[in-house]
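Welcome! Here is a short tour for someone meeting this structure for the first time. Please have a look at the sequence and the model below, and then follow the notes topic by topic.

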Amino acid sequence: MVEIDKSISFDGRDIRLKVGLLAPQAGGSVLVQSGDTAVLVTATRSAAREGIDFLPLTVDYEERLYAAGRIPGGFLRREGRPPEKAILTSRLIDRPLRPLFPQWLRDDLQVVATTLSMDELVPPDVLAVTGASIATMIAKIPFLGPMAAVRVGLVGDDFIINPTYSEIEAGDLDLVVAGSPEGVIMIEAGANQLPEQDIIEAIDFGYEAVRDLIQAQKELMAEMGVELVLEAPPESEPLLSNFIRNRAQDSIKQILSQFELDKNSRDAALDVVKDEVTTVIAELPEEDPIRVAAAENSKVVGNTFKDLTKQLMRRQIVEEGVRVDGRKLDEVRPVSCRIGLLPPRVHGSALFNRGLTQVLSACTLGTPGDAQALSDDLQQDLEKRYLHHYNFPPYSVGETKPLRAPGRREIGHGALAERAVLPVLPPKEEFPYVIRVVSEVLSSNGSTSMGSVCGSVLALMDAGVPISKPVSGAAMGLIKEGDEVRVLTDIQGIEDFLGDMDFKVAGTVDGITALQMDMKIPGLSLDVIARAVNQARPARLHILEKMLETMPQPRTEMSPFAPRLLTIRVEPEYIGMIIGPGGKTIKGITEETGAKIDIEDDGTVTISAVDENKAKKARNIIQGMTRRLNEGDVYAGRVTRIIPIGAFVEFLPGKEGMIHISQLADYRVGKVEDEVAVGDEVIVKVREIDNKGRVNLTRLGIHPEQAAAAREAAAVNR
């Protein structure tokens with residue numbers, strides 16, 4: 001293959017597309033580069049497997065630490081399980097790619113994106129999304145592309161394309177837009193409570209850049225002589241399909257119009273109809289062409305039944321404006337909330353119900369040492385202080401299957417809820433806790449990710465986390481039949497499964513904090529997207545109102561089982577003294593007080609214990625160790641030991657000085673024991689600090705008012 005190198009520029013930032021150089025045995029490959037960030041993307045196709053009735057597409061994003069000039073940690077010193085960011089990037093590539101493959105395609109497809117080099121400016125994820133489109137077209141896989149993605153940032157009042165890491169962090173928006181020639185096909189966004197109109201304008205701004213990338217891909221394919229492959233779909237079984245439709249249509253239509261049925265009852269009724277049709281086919285003569293066709297392809301009955309149910313449900317919404325549960329298009333299901341459901345050993349908990357969707361969220365408050373270190377991926381962040389985990393057990397949909405480690409879906413939904421809540425969390429300086437929220441999906445019938453946002457916000461408030469504003473979320477759906485478009489508020493499972501869009505919108509009363517849109521059709525116009533964003537607002541506010549009826553504001557007191565944190569700052573030069581040789585000093589303080597101590601490089605010391613008195617004791621010890629002493633300072637202390645020439649006094653926690661025998665009294669003292677004994681409380685004044693840092697004390701020349709103040713201060717610090 002001839003090497004081709006093509007560039008496209010956005011605001012002075014170039015994206016280079018190189019083909020024909022790397023991975024010659026892959027079906028298609030491209031190296032996408034911007035700055036010093038370079039991602040190799042390949043697409044490969046294998047023959048269909050026997051009995052597959054879905055598209056077996058696998059998308060993997062691989063990070064190599066050599067890309068950032070680093071060696072992996074751990075014993076093996078090589079990459080292992082992909083970090084969370086890599087899994088989220090795999091999903092980011094998959095979501096706009098999957099809808100562009102024909103629904104009938106059953107071949108094994110694999111897209112692999114590998115970051116070969118990465119600088120500190122350009123994130124590789126959107127480059128990988130665009131690269132997946134190019135590699136797929138080069139591989140001559142049937143594809144309704146080209147497809148491309150860009151990131152949009154907001155710095156000040158200006159939108160920028162593909163911002164750097166620092167620009168993303170400094171701005172109020174991190175938006176990824178992917179699109180095809182048909183329109184926008186995927187949106188992923190985090191925002192700092194931006195108004196709906198700003199979000200819509202950002203999407204429009206991003207799609208204009210997507211169009212440029214799509215045009216660049218078309219030109220690249222023309223240079224290579226590659227044409228889009230649009231293979232004819234396999235022939236259907238019209239005789240069998242028509243038989244099933246004629247037998248089942250009226251019954252399905254009747255079931256979909258029985259609005260009083262819940263999800264389980266509706267599914268059971270539809271299964272009865274399908275079983276009846278299957279039985280009728282099985283009772284036909286063996287030579288009957290309908291029975292023969294069913295025997296040759298056992299999946300035709302199920303697929304036709306699904307397609308018929310989809311068609312009738314969509315027609316009912318478009319023509320009658322009524323959904324399968326009788327709701328109007330913009331109506332939210334019944335909402336209920338409970339807080340403090342779990343005992344106080346769980347620091348905060350809440351149960352959120354919306355229709356048949358039920359999510360239990362639990363909040364745990366931890367110490368700075370509980371932060372998640374991000375050392376084995378290519379990201380710039382060193383740690384995470386807010387962790388949101390999402391669990392989706394099989395019983396939530398009435399199924400049984402083995403329990404495994406969290407999958408991509410669980411990680412993706414947890415990340416979306418985390419992104420939605422982050423803008424309203426208190427800064428570390430005001431609330432130094434590490435926060436973990438776990439959302440347990442107990443029942444699922446659509447939009448569990450937004451249910452986890454709502455439940456988790458209530459759990460945070462129940463735990464006493466001083467969030468700036470509560471966040472709620474709703475999922476919007478879409479039915480598009482020709483030119484007829486219907487936007488659905490608060491979609492349930494069947495509308496997600498048989499609909500065209502899943503558009504999740506989360507935010508506060510002031511604006512949006514997170515967006516995620518996925519399509520099942522090749523693209524959507526900005527007008528329809530704007531309708532969905534604006535229609536989501538009253539739904540969000542309605543749900544928020546129900547939440548605030550249950551929990552108007554965060555608790556002012558935390559669970560008695562939550563750790564109490566005390567934060568102090570010391571001069572960085574004292575850090576070594578607090579830790580001690582081999583950690584001896586800090587271990588001793590921990591053993592003595594029962595408190596946990598975390599020290600940061602800037603001198604921030606966080607002390608935690610469930611018993612606040614233990615935390616205060618550790619704080620006093622550290623403050624005493626690190627306090628700068630001045631000659632003439634007066635303290636109340638206790639005698640710790642006696643030697644022939646004087647007595648040692650601990651006058652601050654962890655800080656000792658010696659009173660020479662000549663400084664014990666204003667007369668000649670024969671023996672130290674004549675004046676003081678071990679354990680005695682004494683008032684002392686700093687007489688001298690020698691060049692080795694040793695403190696010499698005296699009992700002479702202390703004014704009664706100084707002595708009284710010292711006793712009072714000691715009582716407070718005990």
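This is a predicted model: local features need pLDDT of at least 70, side-chain atom pairs count only at pLDDT 80 or more; totals for chains, interfaces and linings use all residues.

- A barrel is closed by 5 strands, which follow the order 25-26-27-29-28 with mixed pairing. From one strand to the next, the twist averages 55°.
- Strand 27 (residues 655–660) and strand 29 (residues 695–698) run parallel and are joined by 2 bridges.
- On its other pairing, strand 29 meets strand 28 (residues 681–689) in the antiparallel sense, over 4 bridges. Here V686 is the residue opposite L697.
- Strand 28 and strand 29 form a hairpin with 5 residues between the strands, and G693 in this hairpin has a positive phi near 85°.
- In a regular strand, side chains alternate between the two faces of the sheet. Strand 29 is covered on both faces: V695 and L697 are buried on one side, and N696 and T698 are buried on the other.

- Another group of 8 strands makes an open sheet with antiparallel pairing, in the order 8-7-9-10-21-20-18-19.
- Which strands stand at the edges? They are strand 8 (158–161) and strand 19 (484–489); each has a single partner strand, so one side of each has no neighbour in the sheet.
- The twist in this sheet averages 20° from one strand to the next.
- Within the sheet, 7 bridges pair strand 18 (residues 472–481) with strand 20 (residues 501–507) in the antiparallel sense. G477 is found opposite D502 in strand 20.
- Helix 1 (residues 84–97) packs on the sheet, where it touches strand 9 (173–180), strand 10 (183–194) and strand 21 (512–519). The direction of helix 1 makes about 135° with that of strand 10.
- Helix 10 lies across strand 18 and strand 20, and runs at about 160° to strand 18.

**Helix 9 and helix 10**

- The axes of helix 9 (residues 408–421) and helix 10 (residues 448–462) come within 9 Å of each other and cross at roughly 50°. Helix 9 and helix 10 are therefore oblique to each other.
- The crossing of helix 9 past helix 10 is right-handed.
- On the helix 9 side, the contact is made by R409, H413, L416, A417, A420 and V421. Helix 10 brings T448, S449, M450, S452, V453, V457 and L460 to meet them.
- Sorted by class, this contact of helix 9 with helix 10 holds 8 nonpolar, 4 polar and 1 charged residues.

**A closer look at I339**

- I339 has its place in strand 11 (residues 335–339).
- Is I339 buried, exposed or partly exposed? With a relative accessible area of 23%, I339 is partly exposed.
- Which residues does I339 contact, once its neighbours within four places in sequence are left aside? They are S349, A350, L458, D462, T550, M551 and R555.
- I339 and E688 are 349 residues apart in sequence, and their C-alpha atoms are 59 Å apart in space.

Terms used: Residues are numbered from 1 along each chain as its sequence is written. Side-chain values use heavy atoms; hydrogens and water are left out. Two strands pair if DSSP finds at least two bridges between them. Axes are lines fitted to C-alpha atoms, for helices over the stretch in contact, and angles run from 0 to 180 degrees between N-to-C directions. Angles under 35 degrees count as roughly parallel, over 145 as roughly antiparallel, 65 to 115 as roughly perpendicular and the rest as oblique. A crossing is left-handed if the near helix is turned anticlockwise from the far one by less than a right angle, and right-handed if clockwise. Contact means heavy atoms within 4.5 Å. Ala, Val, Leu, Ile, Met, Phe, Trp, Tyr, Cys and Pro count as nonpolar, Asp, Glu, Lys and Arg as charged, and the others, Gly among them, as polar. Buried means under 20% relative accessible area, exposed over 50%, partly exposed in between (1.4 Å probe, protein chains only).
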